[in-house]
Amino acid sequence: MALKYESQVRPPLVVGGKDYHQVTEDIVRPIEAQPSRLWWIGFLISVALLLFGVYSVYREVVYGTGQWNLHKTVGWGWDITNFVWWVGIGHAGTLISAILLLFRQGWRTGVNRAAEAMTIFAVMCAGQFPIWHMGRVWMAFFVLPYPNTRGPLWVNFNSPLLWDVFAISTYFTVSLLFWYTGLIPDLATVRDRAKLKWRKYMYGILSFGWTGSTKHWQRHESLALVLAGLSTPLVLSVHTVVSFDFATSVIPGWHTTIFPPYFVAGAIFSGFAMVQTLLLVTRKVLSLEEYITIEHIEVMNKVIVLTGSIVGIAYLTELFVAWYGQNPYEMWAFMENRANPFSPYGWSYWLMMSCNVLSPQIFWFRKMRRNITVTFFMSVIVNIGMWFERFVIIVTSLYRDYLPSSWATYYTPTIWEIGFYLGTFGLFFTCYFLFSKFFPVIAIAEIKHILKRSGDTYKENMDVVEKKAVDEVYEEAHAAHH
Amino acid sequence: MALKKFVVGVFDDEHNLFNAVRKVRKSGYRLHEVYTPFPLHGLDREMGLRDTSIHTAGFIYGLTGTSLAFGFMTWIFTKDWPLNIGGKPHFALPAWIPIMFEFTVLLSAVGMVLTFCYVCQLAPFVKKHHFHLRSTDDKFVMVLDVSSGNSESEASDFLSGLGASEVNVQVAETGWWLGTYDREQKLGLSREPSH
Amino acid sequence: MTTSKEFFEVPKRYKNWSYGLIGIGILALLVGYFMYGASDDIHHKSRFWATLLQNSTYFLLTTNAAMFFICATILAFGGWQMVFRRVPEAISAAVPVIGVITLVILLAIVFGGHHMTHIYHWTDHETVANDKILEGKSPFLNIPFYIIWTVLIIGLWSLLGFKVRKISLEADKPMSVEQGKKYIWKNTVWASLYIVWFALTVMSTTPWLWLMSIDAHWYSTMYSWYTFASTWVSGLALITLFVIYLKNAGYLEYTNKEHLHDLGKFMFAFSIFWAYLWFSQFMLIWYANIPEETVYFNPRIKDGAYSGVFWFNFIINFLAPFLIFMKRNSKRNYTTVTIMSLIIVFGHWLDFYQMVMASVAPDHVEMNLFDFGIALGFVGIIMLVTGRALSKYPLVSKYHPFQKESIIHHT
């Protein structure tokens with residue numbers, strides 16, 4: 001067996017002197033306990049929001065897209081903004097589980113399960129917008145390429161909107177599979193502890209008959225690794241394809257080659273912010289502070305300042321090249337419609353800049369990164385900023401087109417547009433509340449896997465290794481292999 | 001469906017386990033399986049399990065996806081119904097890369113997960129014989145097959161001697177679908193970790 | 001106890017090789033100068049200076065990527081690379097040397113102006129005065145700014161790199177856990193400074209100034225990130241080559257196939273990343289089909305003179321690493337990894353070749369011994385400087401807090 005050692009310079013990832021059994025106890029406890037009053041309040045508010053959303057969508061389906069304030073030139077408004085925003089949020093989960101798995105970042109084990117769940121719910125919310133935006137939603141299956149009686153007239157494979165259909169549905173499916181295969185062993189843990197009959201039965205079904213046999217673990221590990229390898233380019237591709245929706249078109253402010261990586265960075269940025277928002281609450285309510293420690297929060301804040309700065313570099317690049325290119329239309333889109341604070345939508349550009357680029361810079365300071373209040377506040381600010389990024393891209397590029405006579409009046413959403421957006425919040429949080437009640441919010445098996453390397457009590461015992469000379473450690477590791 | 005007899009040894013610590021597996025395999029007992037709450041790296045090799053080739057399956061599924069997407073789009077846009085879209089050539093390969101990629105990933109992932117569930121016989125409503133309830137919590141459970149030859153008391157003593165904190169004898173049905181224990185594994189020689 | 005060789009002693013053969021390669025480079029420079037540089041034909045002169053531009057910037061950015069590797073792993077709290085970290089450190093010692101050479105070449109091109117070469121059109125006052133677009137760009141594309149910024153770019157890379165290397169030496173002395181924490185903190189501070197400067201240069205302004213301004217009318221927001229990806233992969237390949245060389249020569253005892261495997265993974269992943277940026281830039285320009293933008297790809301695809309180079313470049317930089325590094329065993333095989341690293345270093349050199357040459361001389365490809373000679377000269381310089389840097393300090397920082405993690409590292 002390989003030596004379990006990690007430098008003591010690294011802070012422990014699990015504190016409170018846990019052993020394997022205690023890990024199970026702590027994480028499964030919320031599932032076995034009655035939900036708290038706070039849970040019920042949150043859950044009911046979410047359901048209420050969801051119902052309002054359902055009614056808003058009902059209005060739109062029955063009376064048509066006229067229920068929204070989309071009009072000439074601004075053909076995409078809140079709906080597509082919300083779509084891109086939710087898809088972006090849906091990036092952190094798979095990033096945490098896939099890319100960080102490949103980069104072997106141990107801290108991901110504390111947060112990956114909840115982040116993956118969040119990803120799936122966010123993609124579900126995102127999917128609503130293009131679907132209902134179709135207007136005649138009963139024709140939605142037209143987006144699928146199937147032999148039909150219209151020729152057969154096929155879908156347009158050259159269209160980025162169709163790429164979106166493939167990208168989003170693939171992403172949803174693969175994320176779901178990745179998440180669920182990871183859940184199976186943990187669900188088996190819940191099953192085997194269950195005292196109540198219905199719980200045993202339900203988790204028996206959900207856990208697919210998992211036993212924990214070594215052969216199964218071997219395949220499970222291999223599967224997780226390949227799924228991570230597949231998901232990594234997949235995450236990149238999804239927001240890349242979303243960015244293609246804009247960048248392939250010849251519209252000033254949209255057609256720019258940096259869009260793909262810059263959208264991806266922005267997606268990770270907003271996704272991590274949402275993970276922070278949810279986990280700060282989850283760890284408190286379910287008392288999981290010993291698993292989602294301040295170290296986890298600090299690391300995620302570092303990711304936020306990194307991705308925020310990448311996004312900042314991209315904003316400046318865009319702005320600079322709009323000037324550098326000396327193309328009058330492109331310059332107008334940036335300098336007048338966006339960067340001029342006195343133009344009708346100038347405020348939204350500067351709101352975006354200050355929320356996404358300036359404010360995250362406070363995370364250069366360690367004190368700020370480790371301050372929970374600041375972190376929570378910032379995580380909300382970042383998501384407001386990222387919402388405005390999409391709003392800026394979509395609306396400021398559309399509301400004044402090439403023909404000044406058709407320049408739109410100021411675009412504001414109707415109550416049903418807002419209701420639809422709020423409804424997706426309802427959907428998201430309803431799902432998250434149910435998840436946090438019925439599923440282990442932390443990957444139990446993965447925590448156990450790192451426990452003897454990164455748990456606080458085990459780390460204290462590493463003094464022995466820490467005192468040895470490197471040569472000695474090398475000799476031992478070498479001898480253990482041969 | 002014949003019944004089989006097993007001796008089950010429960011270990012509290014994974015550190016003992018590696019040693020125990022090595023000794024069991026040397027002593028000639030039939031090692032049925034080891035159940036652990038989380039994956040133990042190197043245990044599969046110690047037990048002599050062959051490497052899984054599930055990733056190769058994934059590669060083949062992925063390749064199928066790429067070719068299907070490519071072939072389908074090529075046929076539609078160059079043969080079945082060629083359309084002039086923005087003056088682009090009918091064979092507009094750059095525009096098809098995104099869908100080809102997504103379809104590759106989709107087929108590869110779905111195919112692999114289904115394969116995984118099939119080879120491990122995992123599905124909703126599947127029930128398997130569970131040798132110890134805490135093997136998904138904090139115990140490491142080693143199971144020896146004693147239906148032929150070895151005496152169960154001898155095997156029990158052997159396991160206790162290796163450090164098992166609890167030993168018992170269980171009877172379960174053979175077969176590997178719906179309601180029994182896991183499929184028999186062919187164990188090879190135990191191998192050193194590869195370098 | 002095994003006798004692990006602590007210091008690299010530069011072998012005679014190694015020295016001879018590096019001097020030999022530098023000799024070839026100088027010879028190529030002289031021959032090239034008389035063949036092209038001293039010619040009256042402006043196309044010949046441009047070709048001469050463009051080759052120098054391509055090679056110097058490529059090798060400068062590639063050696064600088066070694067420092068990026070160090071700083072990125074510092075910030076990610078990586079431990080696995082510790083057993084061979086002195087190798088990228090030594091490679092980054094070549095940054096000031098190649099930086100000075102690059103500076104001289106860039107200054108010569110800028111000052112030589114339109115009479116010497118047709119590389120930077122924006123250096124010519126007459127052209128700019130008659131060209132509204134270039135005139136508009138002149139607050140950025142002008143000689144004083146170019147020089148100041150270039151000096152700053154190279155100077156700060158060298159200085160910050162020097163500082164990071166210096167901090168690394170502190171890990172040759174024992175330290176307690178508490179001191180270790182402080183030490184890591186100090187590393188983080190300097191590494192983040194380097195990364196910030198890196199973002200402001202390599203990921204934005206540097207490629208715009210040095211390379212994109214060759215096509216003074218053309219622009220692509222992706223250009224700098226693309227250039228970064230290209231040199232980052234080749235930097236990784238360069239690190240790998242030196243690691244394997246030292247391993248073969250009996251040094252770096254702690255380094256084993258696990259570390260090689262991870263280097264292979266990095267090359268695999270970032271080759272895909274490079275291809276992703278390549279595709280995104282190409283596809284968007286192809287799709288929108290705007291003449292101002294497609295002008296860049298015209299000499300490079302279809303009937304253009306450089307289409308062979310262009311597609312070959314894509315094959316060896318993407319398809320080859322993708323297919324070969326996909327298998328676990330090939331990332332753990334010293335021979336395969338060596339060959340692939342060589343291919344990658346050459347491949348991205350070729351990428352720079354098409355980036356520079358197809359813009360300077362779009363009508364015909366003229367790749368000959370002159371180009372290869374200059375490239376070999378730079379390789380010789382890198383070998384010489386890196387070899388010297390390696391021999392000065394212990395090859396392994398024995399007391400670095402993450403050193404033991406790196407030793408027991410398992411993929």
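Trainee: What is the area buried between chain C and chain B, of which carbon and sulfur atoms give 72%?

Mentor: This is a predicted model, in which local features need pLDDT of at least 70, side-chain atom pairs count only at pLDDT 80 or more, and totals for chains, interfaces and linings use all residues. Residues are numbered from 1 along each chain as its sequence is written, chains are lettered from A in the order in which they are written, and side-chain values use heavy atoms, with hydrogens and water left out. Buried area is the accessible area (1.4 Å probe) that two parts lose on being put together, summed over both. Between chain C and chain B, it is about 810 Å².

Trainee: Which helix gives the most to the side of chain C that touches chain B?

Mentor: Contact means heavy atoms within 4.5 Å, and 11 residues of chain C are in contact with 10 residues of chain B. Across this interface the rule finds one residue pair in polar contact, both at pLDDT 80 or more; such a contact is a pair of N or O atoms within 3.5 Å, where within protein one must be able to donate a hydrogen and the other to accept it, and residues adjacent in sequence count only if both atoms are side-chain atoms. Helices (H or I, at least four residues) are DSSP runs, numbered from the N terminus. With seven residues, the helix that gives the most is α10 (residues 257-288) of chain C.

Trainee: What is the area buried between chain A and chain B?

Mentor: Here 60 residues of chain A are in contact with 68 residues of chain B. Carbon and sulfur atoms give 68% of the buried area, which is about 5900 Å².

Trainee: Which side chains meet in a salt bridge of 3.2 Å, N to O?

Mentor: A salt bridge is a side-chain nitrogen of Lys or Arg within 4 Å of a carboxyl oxygen of Asp or Glu. Across the interface of chain A and chain B the rule finds two salt bridges. The pair at 3.2 Å is E14(B) and K452(A).

Trainee: Which element supplies the largest share of the side of chain A that touches chain B?

Mentor: Between these chains, 27 residue pairs are in polar contact, both at pLDDT 80 or more. The elements of chain A that each supply at least two residues to this side include α1 (20-32), α6 (160-193) and α16 (444-454). The largest share, 18 residues, comes from α8(A).
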